[in-house]
Amino acid sequence: MEMSNQEYKDYFIDTVVNRYPAPAIVVYQEITPDGISKISIVNEFPFSEDATIQNLQGKYFKELEPDVKQSFCKYQFAIEYMPSSDEKIIGHIFDKIISP
């Protein structure tokens with residue numbers, strides 16, 4: 001069964017909150033001519049209603065207890081940088097990553 005984009009998000013967030021190992025995050029870093037770096041990673045969506053930690057189900061990050069937020073932010077991610085911001089190229093790279 002193929003997972004939807006939201007199911008992947010739910011699964012990933014649940015992995016981090018439980019402090020399980022996660023695959024690398026792939027991001028695109030944009031650097032302005034002035035040398036300012038911008039990386040956008042986190043989308044606003046709530047924890048899944050199926051999250052394994054029941055008291056987090058349906059909550060947004062801003063609604064979490066401070067210790068849960070801190071634990072989430074301390075999670076060590078492996079990060080891979082994208083060579084392009086072109087959506088077709090990004091989609092192609094993700095297809096290669098998740099397909100055997």
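What percentage of the 100 residues of the protein chain count as buried? I looked this up and found 18%, with buried meaning under 20% relative accessible area, exposed over 50% and partly exposed in between (1.4 Å probe, protein chains only).

I note that this is a predicted model, where local features need pLDDT of at least 70, side-chain atom pairs count only at pLDDT 80 or more, and totals for chains, interfaces and linings use all residues. Residues are numbered from 1 along each chain as its sequence is written, and side-chain values use heavy atoms, with hydrogens and water left out.

**Fold.** I read 3 helices and 4 strands, in the order α-β-β-β-α-β-α from the N terminus. These are DSSP runs (helices H or I, at least four residues; strands E, at least two), numbered from the N terminus.

**Core.** I looked up the largest nonpolar core, and it has 10 residues, among them Val17, Phe45, Phe47, Leu56 and Phe72. Helix 1 (residues 5-17) gives the largest share, 3 residues. Such a core is a set of buried Ala, Val, Leu, Ile, Met, Phe, Trp, Tyr and Cys residues joined through side-chain atoms within 4.5 Å. I then checked Val17: leaving out residues up to four places away in sequence, Val17 touches Phe47, Ile53, Leu56 and Phe72; contact means heavy atoms within 4.5 Å.

**Contacts.** Of the contacts in the protein chain with a separation of 6 or more, I found 52% between residues 24 or more positions apart.

**Phe77.** I located Phe77 in the loop between helix 2 (66-73) and strand 4 (79-81). Phe77 counts as partly exposed because its relative accessibility is 30%.
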